[in-house]
Amino acid sequence: MKFLRDQIDKLKPTFSEGGKLSFLHSTFDAFETFLFVPNHTTQSGSHIRDGIDLKRTMFIVIIAMLPALMFGLWNVGHQQSLALTGTDGSLWDNFFVGLIQTLPIIIVSYGVGLGIEMGFAQFRGHPVNEGFLVTGMLIPLCMPPDVPLWMVGLATAFSVVIGKEVFGGTGMNLLNPALTARMFLYIGYPSSMSGDSVWTFLPEGSKTVDGYSGATNLGELASATAEGKSWSDDILSASIMDSFWGNIQGSIGETSVVACLIGAVILISAGVGSWKIMLSTILGGLFMGWIFNISGADGAYMDMPAYYHLIIGGFMFGAIFMTTDPVSAAQTEKGKWIYGFLIGVLTVLIRVFNPGYPEGIMMAILLMNVFAPLIDYYVVQSNIKTRLNRVKV
Amino acid sequence: MGKNVKIKRGMDIPLEGKPSTHIHAISSSTTFAIKPNDFKGLIPKLRIKQGEEVKVGDCLFTDKKNDKICFTSPVSGEVAEIVRGERRAITAIKILADLAEYKCKEFDTQNYSTNNVDEIKAILLESGLWPFITQRPYGVIADTEVTPKSIFVSGFDSSPLAADLGVSLRGKESQLETGFKILNMLSEGGVYLNLHAKKDNTIYQNIKDVKVSYFDGPHPSGLVGVQINNLDPINKGDVVWTIKPQHVAFIGKLFETGKLDFEQNIVIAGSEVKEPAYYTTRLGASVHSLMNDNYKSENVRVISGNVLTGTKIEKDGYLSFFDNQVTVIPEGNQYELLGWLFPSYARPTLSPSLPISKYLKKTFNVNTNPHGEPRAYVVTGQYEKVLPMDIMPQQLIKAVMAKDLELMENLGIYEVIEEDVALCEFVCTSKINVQQVLSEGLELMAEES
């Protein structure tokens, strides 16, 4: 430890003001504080401070995402094997194929995002904020396995610059940065983000086995709705248990409800993710699904049991990792309930009324991101009103 | 009658170096000091010169804005030094105390029960006891022209390592009784005395004509601001006064004897104190006289007050005006390899992400390392867990940062002072100096009013 510290102290002047590499000061600082908690002491106010900091908070979110990532890596290989041979490959083969395909996406996401963040931090004279450590992992997890790397880079750059830095950086952004990246690609390059061919990574020129279909649950439901089929026509080819465990087509990290739930347990038990938002999102989805069930209207989506909504598509992934971003979510405790519930409701509404749309929860979360400050505003107003009423009584 | 209030939100921070209940006498301090900086926004106007002889109760300086408010000498002796800081602002007036018995100024307090309010006020002002009364809003010295809605006294201190007033005020029951009688005459709405539901409250048993309420729960249940908010919140235009029991005893003593006696039992605690206990000393005592060689190590922070709200003082500094506690903890000026990920020692936290710190360790040896760097707000819902008031803390702090006066007022800035948000500052993931921010907000509001 002493040796490492000495090396850093030796390097430090080079990167400090007046040093040769002072233009990399923020970057150096980011690495230094990653390795060592600084030797600062409190100068005003409370002399002692809690052991938690933003680095630890963000790191816990990354740990919570690992089950989804690991499962995703395996599933990318698994789906490819099914598509090419019709049989499942070995655990390690699947994992290895997934790693080969996914690792570059992760590297591009982190590389581009952190590069831009460090540039902005240096330009503004700020320290590098840890927020992107989470965003950089969320972006690959919500991408289709077949996404071209340049698109990942472009979308990441867009989300960091337009989604975050123009608002003043982490903590100031209005929209969830990872979903901003996904939305950017969906609008800019819809053919790479939707349809039946993007959810399985297939080497160029390879042939799929007979009977292979790359459609997701949501895709099947969409075409069934377009054809006017009803729920009883056995629309979904994947069983509900497959969808629950996650060995189905979909974005890299979203398919497994189990992996997402493990993440939820980590987030909640570490006190990092808001259980209020997660729970209310789920309740909102169930509520809206139930409303459609009892509405009596016919249609593939209308009659689908409400709990299916939680299991298919990216509902759980969104409800656990995306809605709980504390910056873009509602910030008041009452507001969190409303915010989550409306996301659940909107997700199902979008799915049912616009099945052509790839995934309702992305749109629902971004929409509620925009409305979160309004929700907070009314919650704050109610606190103000009770205070004013006190005077009158 | 009084209410029982159960405080649920908040946290106790168990620290090493809890004082034993033994009260040590201290070979008296040779120098004492009164520090104008202990009062927010105070500009002192000197009434004495260097080298002048003073008695206990002689006016050292007055408030430039209201020269009725005197700050008097806690001991008799010679004005040894008038210390000036930046821009020649007076930072301390040091008095070299007489070695023999102190000479005291006499105050005419014998007929106090028939005195009218103005006469009582005049005595409090002249004797230098007035500054012990704090006014809300703003947390400043009480305005002499205002009659407060009510006066609140918290009968216990729930801060980390704080003195158990049942120990430090033992034997001062009659002074407390007299003091509360005086307070009762100053306020129209009466005096609230808030006690801990589970502690020994015998020192308060003789006190009459006050509204007694009982509080239970973790810190900050003992903060008077929390108690006011739960019993009778401050509205716009209200003025509420607060005072600590040990200072009520000073008032009682003056009205019983006609003489000031600033003797008090204070707590010296913290992990770097060899013998944490109660010590008898006087207002403004020098830390050197209190501590001598009571330090366990060299690299320490000496705090007048508690670890959450106290003032950093040097080893040759002086006890601050309002404090009955000195806390000594290690400085945290060491690097910690990957400390954010694998903490190398247990530290107190609200976060369940540090389970080992939380459950295995009963008391903590804390240092002054903030355990992270300042960041913009990211995490929400933390402050609410440690502020048992009907206040939206994060929104209020943000309103202060934005200097939005109307929003600050609407969100209840009149109800809080710095100490109320100290725990918010402690738990803050983004390491924002919440007390300092609030202080700027209060200053801004006071200027505008």
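Colleague: Leaving aside neighbours within four places in sequence, what is B:Ile93 in contact with?

Modeller: Beyond those neighbours, B:Ile93 is in contact with B:Ala33, B:Ile34, B:Leu60, B:Phe61, B:Val79 and B:Ile82, where contact means that the C-beta atoms, placed from the backbone, lie within 7 Å. Please keep in mind that this is a predicted model, in which local features need pLDDT of at least 70 and side-chain atom pairs count only at pLDDT 80 or more, while totals for chains, interfaces and linings use all residues. Residues are numbered from 1 along each chain as its sequence is written, and chains are lettered from A and ligands numbered from 1 in the order in which they are written.

Colleague: Which residue of β9(B) does B:Ile34 stand opposite?

Modeller: B:Ile34 stands opposite B:Ile93, and the strands concerned, β3(B) and β9 (residues 90–97) of chain B, pair in the antiparallel sense over four bridges. Strands here are DSSP runs of E with at least two residues, helices are runs of H or I with at least four, and both are numbered from the N terminus; two strands pair if DSSP finds at least two bridges between them.

Colleague: And what order do the strands of that sheet have?

Modeller: The order is β3-β9-β8-β5 in chain B, an open sheet of four strands with antiparallel pairing. Its edge strands are β3 (31–34) and β5 (53–54), each of which pairs on one side only.

Colleague: Which residues touch the most other members of the largest nonpolar core?

Modeller: Of its 225 residues, those are A:Ile320, A:Tyr339, B:Ile93, B:Leu396 and B:Cys424. Such a core is a set of buried Ala, Val, Leu, Ile, Met, Phe, Trp, Tyr and Cys residues joined through C-beta atoms within 7 Å. A residue is buried if 20 or more other C-beta atoms, placed from the backbone, lie within 10 Å of its own, exposed if 12 or fewer, and partly exposed in between. The largest share of this core, twelve residues, comes from α3(A).

Colleague: Changing topic, which domains does chain B have?

Modeller: The assignment gives domain 1 (4–9 + 29–257) and domain 2 (383–448), with bounds that come from an automatic or database domain assignment. Their centres, taken over C-alpha atoms, are separated by 25 Å, and 18 residues of domain 1 are in contact with 19 residues of domain 2. On the domain 1 side, helix α4 (residues 224–231) of chain B gives the largest share, three residues.

Colleague: Why is α4(B) largely enclosed by the rest of the structure?

Modeller: Six of the eight residues of α4(B) are buried, so the helix is largely enclosed. Those buried residues are B:Val224, B:Gly225, B:Val226, B:Gln227, B:Ile228 and B:Asn229, and they pack against β12 (150–154), β13 (191–196), β14 (211–216) and β15 (240–242) of chain B.

Colleague: How many residues does the contact take from chain A and from chain B?

Modeller: The contact takes 50 residues from chain A and 61 residues from chain B. On the chain A side, the elements that give two or more residues are α2 (25–35), β1 (36–37), α3 (54–85) and α16 (360–392).

Colleague: Which strand of chain B is joined to β1(A)?

Modeller: Two bridges join β1(A) to strand β21 (residues 336–337) of chain B, and the two run antiparallel; the bridge partner of A:Phe36 is B:Leu337.

How values were computed: Contact = placed C-beta atoms within 7 Å.
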